[in-house]
Each structure stands twice: as C-alpha cells, then as structure tokens.
Amino acid sequence: MANNEAVITNIMLSKATVRNWSRLNYAGDGRLSSRANKRLSQKCITPSEYFSNCNNVTRIQDVVSIILKNRYSIIDSIFSLAINLLSRENILYSSHVQRVLDEYKWKQCFDLLNIELPLDELDVLGSVYQCLLNEGEKNTKGSYYTSSKITRNMTADLDFSNGQTFLDPCCGSGAFLLALDNVKPNQIFGIDNDYIATFIAKINLLLKYKDVEFIPQIYTCDYLDDSIFCQLNDIPNTFDYIITNPPWGAISNKSYNAIISSNETFSLFFVKAYKRLKNSSKIRFLFPSSILNVKCHKDIRKFIIESKHLTRICFYNDGFSGVTTKFVDITLDKNVISNNVQVIKDESTLSIPIESFFQTENMVINVLSSEDIKIIEKVKSLGKYNLGQSDWALGIVTGDNKNKLKKNYSVGYEKIYTGKEILPYRLKAPTNYIFYDRRQLQQVAKDEYYRAKEKLVYKFISNKLVFAYDDSGSLFLNSANILIPNIPNMSVKTVLAFLNSELYQYMYIVLFSEIKVLKGNLIELPFPKISGEMDKILTGLIQDIIDGDDNKTN
C-alpha cells in the first residue's frame, strides 16, 4: 500500500474513498495535492482574450507551431523573438538594451530572428509564452495574463503628474505596466517570480519607451519573501499605486502573517501590498468573485472591510481561457474613509453602504441597498432561534453510480432520490434504485438520519432554497442534503414553511449569493418564536400542500 494510502486508511473511510484519494495524491493534511485535474493537464490553450487584435491569433499560433516543430526551448524561443522585435524597432544595439540582454545567456534560434511578427500586438512575447505553457503549468503558477481591456479599466484613473510610483508585484509579462499612460519608465516597478515573464516585461518596456535610455525596474523574486525582497536596494519601500492580478488558487506552505489564516496566496499578496502603500495612495487587485462570499476567504474580507478604505468593486463578465471563474477588481484608497462603496456591475453603478457587509457571520460582501438592510435587520430583530441545534447529514456517495444505481426495481433494492427529484415541499417519483450495503459505499451518513420519522431534504447545488418533506425513511444521493430541524415550538413542517417562503428565499439570496446551499449559511437564518396555535395552523397548511391540495393554501 502506498504511504499516503496508509495515512488515509487510518481516517476510517470506505475502501472506495481511499482509492480515490490515493489516486489524487491525498497528503494527509486535509487537502488533495492534485485535482482531477487541471494541474496535471498537458493541454495548451491559446488565450484569445489576451490578444490586442483577434486577427493575430492565427499568426501567433503559426509561430508557436514552428517552435514546437523544431523543439526549441521556451527560453531560447522567447529570447530570439525578443531580439527580432528589438531589431525591428532599431534599438537592438542601443547601449541600455545591450546591458539588459547581457544579463541573459540564452541561445538564439535563427529562424525566429527574422520571422514576421504582428505590428499591432501589444504583447507579442507574452502571447507566445502563454500559448507555449500547458494548462497544468498555468494552473500551478496562476499564470493567466490579463487582457488590455481589463488592465486599461483598472489603471484609467491614475495620476502620475507629481512623480507618483506604480508597482505590480505579480507583473508577469507586464500587462498592467503597458496599460499605463502619461508615466515615465522610472516611475514604474514590477516584480514576478517567473524569470521568463520578467524578461518579457523588460523587453516590453524597452519597446514601449524606445526613445528613452533606461534600465527597466523589473525584478525576479518572490514578493512575499522579505528575506529576498529586502535585498532589492533599487526599489522603494512604499508606492502610490499597487495594482495587479495575483495568482489564484494557490496556498502558501509558509505562514507569512497572522491576518491571513487561510494562507491563500492572493490574500497574502494583498495584505503585503497594502502595507507598502503610501498614506494617500491606492491599491487595486483583480480577484476571483469567490472572494466576496466563500467562507475560506473571510480573513481577507475582514481585512478589507475593517480597513475603512474600501471604495470600489467592479464586476467583470469577461473570462480567461481555460478558466470558468468570474472575477472582480477591488480598490482601497488610503486617502478616503469610506461609508459607501461604489459597485460597478452590468453597466450600472450603485452606492452600497459598508454596513451591509456586516450582515453575516462570514462578512459576505453583498450588493445590498439601504432597503435590503432595513428588511434584513427587521427579520433579524424578530429572530429568537436558528438551526444550530438541528441534525444535518450528507447524501450518499456511492463511488460508482453507473454500476450501483439501477433504473428498474430488483429484489433487495430500494428507491433512492437525487437532488433533481426535490421540489418545494414534495418529492417527485424516484428514478433510481440501490442495494443499500453501507460497506460498499464511499460515503454514508448514520442510518438514523436516513430512516428518521420526519426529515427535510434540500438541493445542494441551487441558487435558491428548495426544501421537501420526507416521512418515508428514504435514501438520498449526495446531490441532496438532509436536515432534521430542532426549533422550539415548530414542527418539521412549520420549519419547511419558513425555508420555502419568499422571505427566506430573499434573505438567503441577498445575504449569501451562493450557488450551493450550505449548512453554515442556513444556520444564520433567524427563526421567530411562535405560539403553539400558529404552529398548528402552519403545519396544517403545509400538509395540504404535501397532499396536493393547493387550493386550501391560497
């Protein structure tokens, strides 16, 4: 047995779970070291959104084909194309350009030195580099370069007239640096731990300021590592603007500060950058939209909100090739003590009170109006109880639905419901049957939850609350979760009435904005104290709905 499989076995899981986790390299620390899985993908993706001119995609792909056909290394290919571009602009033999190139002892690929490259592409080298990196490398490095449309938007309001300085601590090939207007090269700084990317950023700046003699202030190091960063004598300690798209989805194995307990890299970058801002300065980061509401990002939300300098949140509908995540940019302005946040979404601009972000335990950043806040606070003021003392259970994970689920009944099998069969209040007829042998299932809850005299079941993946009642002791797959509520003076059916009501739908959507219905969020919903008579009335009304007599409830 493999070492990590032995570790897993000690957690008392089913054999199927052990096999699956072992295959995904479970490290014994609560994380899977690989997902199933972009990090292992060798597929190369052309980032069409990064191109300045979509007509150049084919031309860049032709260049990439030549590199792959001749098996040139990425380093030598990028170096050769850089010489090509510098020569075309007649600055290759300028003394300052030669000083930059002398730092690199890479080889030249001669058939790339004169190949025709598009004249109207903002970052030819970065585009080629992105096409050469496979999906696994991009996912591991968080190497998804930001389109000029976004970089322009995120830098449009910057003023450099008084010598203000700009830092991109995750500069990649320099997309944000190239987007800056009315700024001199000595005001621009960039850092990245990818030495090929920093080389490209230097070349891009030399091309952008081809009439200026200077050495680009681009450094190759880990911005989070102070032991390295402090050795950079030529870089200031503080900046007027720090704007970047940090790597997403990476977890640092070092503990850099106590503020970010999750050790999420983009959060660590943000806190570090914030501390290097001048007093009247601005920081703006591009984040995955999950930063607004996912529980594990509470630490960075708390830091942002409690800074009192949050001034803007801008939502984007664009995407990165190979990435489905939506994203936002978040701005903190140290020159402003903000009571309201400007939210830009779907071409509309709203002013949202900061107090709206204190409405949930996890400090979810919601787009709430003043009217929303009044309604939420009113409902909370009437709340006396919550679902914290209730019983919860997950549906069954078979580990092999194809072979363990049957569409037709067989002797020894019983019905099992999925999330698709959960309607408000009722269950549709099941479409699957299972032979219930706990030893052969990957994940199961206690029998007492499945066989409860009464229970509520709800869709797990859903943008709204959908709860149904079950008194048949039936089984459910993991697309459905189980709740056995415990609220004083409320029957199970009365709790069902509240959870399916328009008010609680509204509360859940505006407070949490999740596509998953999570236990932690449900526990935050407040329940009022009601009389026994009211409970009896509500129970009767819900029973009429369950029985199919909707007319009695109109």
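The structure holds zero disulfides, a disulfide being a pair of cysteine sulfur atoms within 2.5 Å. This is a predicted model, in which local features need pLDDT of at least 70 and side-chain atom pairs count only at pLDDT 80 or more, while totals for chains, interfaces and linings use all residues. Residues are numbered from 1 along each chain as its sequence is written, and side-chain values use heavy atoms, with hydrogens and water left out.

Select Cys-171. Cys-171 is in no disulfide; the nearest cysteine sulfur belongs to Cys-170, 8.3 Å away. Cys-171 has 5% relative accessibility and counts as buried. Buried means under 20% relative accessible area, exposed means over 50%, and partly exposed lies in between (1.4 Å probe, protein chains only). Now go to Cys-54, which is exposed at a relative accessible area of 60%.

**Helix α7**

Select residues 124-132, helix α7. Helices (H or I, at least four residues) and strands (E, at least two) are DSSP runs, numbered from the N terminus. How many residues of α7 are buried? Nine of the nine are, so the helix is largely enclosed by the rest of the structure. Among them are Tyr-129, Gln-130 and Cys-131.

**Aromatic pairs**

The structure holds 28 aromatic pairs. Rings of Phe, Tyr and Trp (its six-membered ring) pair if their centres lie within 6.5 Å; planes under 30 degrees apart count as stacked, over 60 as edge-to-face and the rest as tilted.

Show Trp-106 and Phe-199. Their ring centres are 5.1 Å apart and their planes stand at 70°, so this pair is edge-to-face. Trp-106 is in the loop between α5 (95-101) and α6 (110-113), and Phe-199 is in helix α11 (residues 195-208), 93 residues apart. Trp-106 is buried at 18% relative accessibility, and Phe-199 is buried at 0%.

Next, show Phe-270 and Phe-287, a tilted pair with 5.6 Å centre to centre and 50° between the planes. Phe-270 belongs to helix α13 (residues 265-275) and Phe-287 to strand β5 (residues 277-288). Both residues are buried.

From Tyr-274, look for Lys-334: its charged end sits over the ring, 4.6 Å from the centre. A charge sits over a ring if NZ of Lys or CZ of Arg is within 6 Å of the ring centre and within 35 degrees of the ring normal. Lys-272 lies over the face of Tyr-223, at 4.8 Å from the ring centre.

**Strand β7**

Select residues 327-333, strand β7; seven of the seven are buried, so the strand is largely enclosed by the rest of the structure. Phe-327, Asp-329, Thr-331 and Asp-333 are on one side, and Val-328, Ile-330 and Leu-332 on the other. In a regular strand the side chains alternate between the two faces of the sheet.

β7 pairs with β5 in the antiparallel sense over seven bridges; strands pair if DSSP finds at least two bridges between them. Leu-286 stands opposite Asp-329. Six bridges join β7 to the antiparallel strand β6 (residues 310-316), where Arg-312 stands opposite Thr-331.

**The four-stranded sheet**

Finish with the open, antiparallel sheet of four strands, in the order β11-β18-β15-β16. Which are its edge strands? They are β11 (391-394) and β16 (467-470), each pairing on one side only.
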